[in-house]
Amino acid sequence: MDREITIVEDKVLKLKNVLSKELVSGDPAETQKSAHMFETYIRSKGLEPYGPMIIKTSVTFEDGRPRERKEIMVQIRDVPKKVEPPYAFTELLRVENCLLARYRGDTFNLPMAYGKMQVYAFEKEMDIAGETYTIVVEQNENSILADVFTVVRS
């Protein structure tokens with residue numbers, strides 16, 4: 001199996017017709033359950049997804065403490081007539097000035113892509129904004145190809 005992490009600067013993440021839902025828990029079992037419910041919601045509304053599922057992670061500060069927020073996102077072919085909470089719809093999501101880490105390797109080592117981006121940003125004196133988008137491009141039982149975008153503050 002090939003293992004590689006490639007870093008590219010100044011990338012733009014552009015997503016159209018994005019349906020999203022905030023993940024309440026960081027527990028992997030709850031995340032899996034939320035992803036299944038998300039897929040069920042999409043089917044029940046007769047919507048057609050395209051492209052892979054995307055996980056947005058951001059860090060905010062509440063009462064002086066960092067809080068990690070996760071959101072599950074997918075692009076859909078058509079604009080929905082109505083979207084009920086806790087789901088949200090964004091017609092165009094454009095995130096500029098990103099570092100991109102393309103990770104290829106063992107699924108369990110994906111966090112190394114985040115680490116390599118942090119080291120790269122540190123060495124290049126870049127300020128990472130604490131917002132990442134993880135897109136699983138390909139996956140099989142042992143390996144993964146994922147693009148991880150992280151926002152760089154100007």
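Asn97 is found in strand S4, where strands are DSSP runs of E with at least two residues, helices are runs of H or I with at least four, and both are numbered from the N terminus. This residue has a positive phi of about 55° although it is not a glycine. At 24% relative accessibility, Asn97 counts as partly exposed; the cut-offs are under 20% relative accessible area for buried, over 50% for exposed and partly exposed in between, with a 1.4 Å probe and protein chains only.

A quick word on what you're looking at. This is a predicted model, in which local features need pLDDT of at least 70 and side-chain atom pairs count only at pLDDT 80 or more, while totals for chains, interfaces and linings use all residues. Residues are numbered from 1 along each chain as its sequence is written, and side-chain values use heavy atoms, with hydrogens and water left out.

Now step back to the whole chain. The protein has two helices and six strands, and reading along the sequence gives β-α-β-β-β-α-β-β. Its radius of gyration is 16 Å, close to the 15 Å that the globule rule gives for 154 residues, so the protein is as compact as a globular protein of that length. That radius is taken over C-alpha atoms, and the rule is 2.2 Å times the number of residues to the power 0.38. Along the principal axes, the C-alpha atoms fill a box of roughly 45 × 40 × 30 Å.

Buried residues make up 35% of the 154 residues. As for contacts, meaning heavy atoms within 4.5 Å, take those between residues at least 6 apart in sequence: 71% of them join residues at least 24 apart. The protein exposes about 9900 Å², with carbon and sulfur atoms supplying 49% of it; these areas come from the Shrake-Rupley method with a 1.4 Å probe, and for residues only the protein chains shown count as cover. The mean positions of the 22 positive and 25 negative charges are 4 Å apart. Here Lys and Arg count as positive and Asp and Glu as negative, with His and the chain ends not counted, and each charge is placed at NZ of Lys, CZ of Arg, CG of Asp or CD of Glu.

Back to Asn97, and on to one of its partners. Thr150 touches Asn97, along with Cys98, Leu99, Met117, Ile128, Glu131 and Thr132, not counting residues up to four places away in sequence. Thr150 lies in strand S6 (residues 143-153) and counts as buried, at 2% relative accessibility. A polar atom of the Thr150 side chain lies 3.3 Å from the backbone oxygen of Glu131.

With the side chain of Tyr120, the Glu9 side chain makes a polar contact (2.5 Å). Such a contact is a pair of N or O atoms within 3.5 Å; within protein, one must be able to donate a hydrogen and the other to accept it, and residues adjacent in sequence count only if both atoms are side-chain atoms. Glu9 and Ala121 are 112 residues apart in sequence and 9.6 Å apart in space, C-alpha to C-alpha. At 35% relative accessibility, Glu9 counts as partly exposed.

Strand S4 (residues 87-106) also holds Glu91, which counts as exposed at 56% relative accessibility. Leaving aside neighbours within four places in sequence, Glu91 is in contact with Leu15, Lys16 and Asn17. Glu91 and Val79 are twelve residues apart in sequence and 7.5 Å apart in space, C-alpha to C-alpha.

The loops are worth a look too. Pro86 sits in the loop between strand S3 (65-76) and S4, and the peptide bond from Pro85 to Pro86 is cis, with omega near 15°. In the loop between strand S2 (49-62) and S3 you'll find Asp63, another non-glycine residue with a positive phi of about 55°. Asp63 counts as exposed, at 83% relative accessibility. Finally, Glu48 is in the loop between helix H1 (28-44) and S2. Leaving aside neighbours within four places in sequence, Glu48 is in contact with Gln75, Ile76 and Arg77. Glu48 and Arg77 are 29 residues apart in sequence and 5.6 Å apart in space, C-alpha to C-alpha.
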